[in-house]
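Me: Could you take a close look at one helix for me, and tell me what surrounds it?

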Amino acid sequence: MWKKALIAAPYLWLLLFFLAPFAIVLKISLAEPVFGQPPYTHTVSLENFAFLFSDKLYAITYLRSVFMAACATLLCLALGFPMAYGIARCGRATRSLLLMLIILPFWISFLLRVYAWMGLMNNYGTINSLLLWAGVIDQPMQLMYTDFAVFVGLVYSYLPFMILPLYASLERMDLDLVEAAQDLGASGSRAFWDVTWPLARPGVIAGCLLVFIPAIGEYVIPYLLGGPESLLIGRVLFDEFFVNRDWPLASAVAIVLLLLLVVPIVLLQRYQSRDQENTA
Amino acid sequence: MNRQSRFIVSVLAFGYAFLYIPLVLVIVYSFNDSRIATVWGGFSTRWYGELLRNEQILDAAFLSLRIALTSATIATIFGTMAGIALARFRRFRGRTLFSGMIVSPMVMPEVITGLSLLLLFVTLQQLTGWPAQRGFGTITIAHTTFAMAYVAIIVQSRLMSMDESLEEAAMDLGGHPLRVMFDITLPLIAPAMVAGWLLAFTLSLDDLVIASFVSGPGSNTLPMYIFSKVKLGVSPDINALATLIILLVSSGVLLSWLVARRRT
């Protein structure tokens with residue numbers, strides 16, 4: 001009895017506030033926009049989806065979002081892997097300090113951390129002022145409102161999500177294995193690709209998914225740091241809803257985005273439950 | 001040092017500089033007297049004074065704190081229940097769906113979560129009249145929903161790393177399952193619950209996008225206020241606010257780190 005209640009309470013909450021809303025989004029994505037409150041009809045048609053697939057702009061925006069998220073994920077991996085590796089190889093005291101410093105920014109407001117880059121990348125911001133002063137450039141570079149700025153923001157915000165799972169799998173790894181490989185004549189890079197990398201793979205997969213999935217729908221970073229012409233799908237959804245007040249179309253945009261994310265989310269769930277079993 | 005470790009050390013140095021230089025600069029510029037935030041005009045604390053006199057900010061901060069306290073507490077209760085269920089009951093009907101609903105909110109793009117919850121609230125209002133208005137209540141529900149996932153995962157992994165023998169022994173000695181839970185299980189997972197509550201609290205204070213969807217007119221949370229200001233560019237009083245938050249959070253994290261290190 002009490003066992004059932006223990007499961008039922010959070011279960012019902014999630015069914016009502018997490019799963020049921022998706023059914024409503026699906027229903028409204030099939031409606032048509034009208035003036036009024038609420039601004040949609042109760043009809044059923046596939047018109048919104050037909051429109052999404054016929055208008056090239058949406059296809060390009062989806063592709064661009066996936067591409068930007070994938071690049072940001074790779075950049076996080078390129079920076080995060082050596083960092084996680086280095087942290088895992090430190091002595092115990094240093095390791096705990098370095099880990100704490102990775103987690104700390106995570107507790108500070110995400111919005112304020114993105115905001116911090118606005119002051120750095122401004123035309124009259126710190127980076128440009130320094131470069132001008134050093135004589136490297138003789139007029140300010142355009143950093144803000146570019147894709148470069150969006151990448152910086154994405155890597156900056158999501159880096160801890162990459163490092164932590166990487167660290168978890170690298171820390172579990174037995175260093176003797178690498179040494180044994182090298183004693184048997186493997187070169188440094190050979191030992192890395194044949195021993196370290198396969199052992200780190202669960203962490204790599206988890207880290208990449210934790211960065212990639214939320215980055216696709218990112219709204220704040222492209223809004224504050226990106227240019228007006230660099231449309232990303234999170235922004236499009238937000239604007240369809242709040243600016244154009246086209247709820248059905250915004251819902252259709254959300255449904256297509258969800259379909260894109262089903263595979264990576266299922267992968268992540270599989271990985272999570274396997275990881276939990278391994279630690280047990 | 002060989003070539004490999006030189007490479008690792010320089011990447012580490014670059015990585016930490018990348019993470020911390022922007023934060024340090026915000027702190028430095030918050031003491032800048034000039035109204036143009038990127039030009040140095042001498043040392044001053046005037047922006048802190050303006051911050052404390054800005055009632056909009058104070059109202060928004062108060063609303064955010066109330067939401068964070070409430071949603072973190074509910075999320076910890078439900079999240080702990082979910083974590084125990086996932087860790088201790090290997091098989092029950094709908095377990096896959098349940099664990100899917102626990103993992104997904106953590107990575108779900110915020111625009112989707114926000115949109116779907118708003119549409120739910122609008123539909124519910126049409127059908128039942130509740131919620132009559134959107135604000136504190138609806139934002140709290142939204143934050144509870146995504147935060148309980150984090151609590152559940154933390155509690156679950158804590159329980160997984162503990163063996164069940166203590167609980168089993170208590171049951172073998174005739175303890176009622178409920179009694180065992182309150183006397184044995186809960187004290188053992190208390191640290192995980194505290195960590196979960198703190199994370200839920202922080203995530204709630206941090207959220208902009210979901211709150212923007214599910215809030216109504218007149219209820220601005222602190223991130224919503226900050227966003228409406230920084231949209232227009234760098235602003236000195238936001239530097240001061242950011243500095244306060246950075247210093248507060250950092251000292252909290254540092255302190256708990258020191259305490260935890262002492263203990264081990």
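Reply: In α11(B), the buried residues are B:Pro236, B:Ile238, B:Asn239, B:Ala240, B:Leu241, B:Ala242, B:Thr243 and B:Ile246. Buried here means that 20 or more other C-beta atoms, placed from the backbone, lie within 10 Å of the residue's own. Bear in mind that this is a predicted model: local features need pLDDT of at least 70, side-chain atom pairs count only at pLDDT 80 or more, and totals for chains, interfaces and linings use all residues. Residues are numbered from 1 along each chain as its sequence is written, while chains are lettered from A and ligands numbered from 1 in the order in which they are written.

So what covers those buried residues? Helices are DSSP runs of H or I with at least four residues, strands are E runs of at least two, and both are numbered from the N terminus.

As for length, α11 of chain B has 28 residues (236–263), so at 1.5 Å a residue it should span 40 Å, and its end C-alpha atoms being 41 Å apart agrees with that. The expected span is 1.5 Å times one less than the number of residues.

Zooming out, chain B has 11 helices and 0 strands, and 44% of its 264 residues count as buried. Its C-alpha trace spans about 75 × 65 × 35 Å along the principal axes. Between the chains, 72 residues of chain A are in contact (C-beta atoms, placed from the backbone, within 7 Å) with 70 residues of chain B.

Key:
Two residues are in contact if their C-beta atoms, placed from the backbone, lie within 7 Å. A residue is buried if 20 or more other C-beta atoms lie within 10 Å of its own, exposed if 12 or fewer, and partly exposed in between; C-beta atoms are placed from the backbone.
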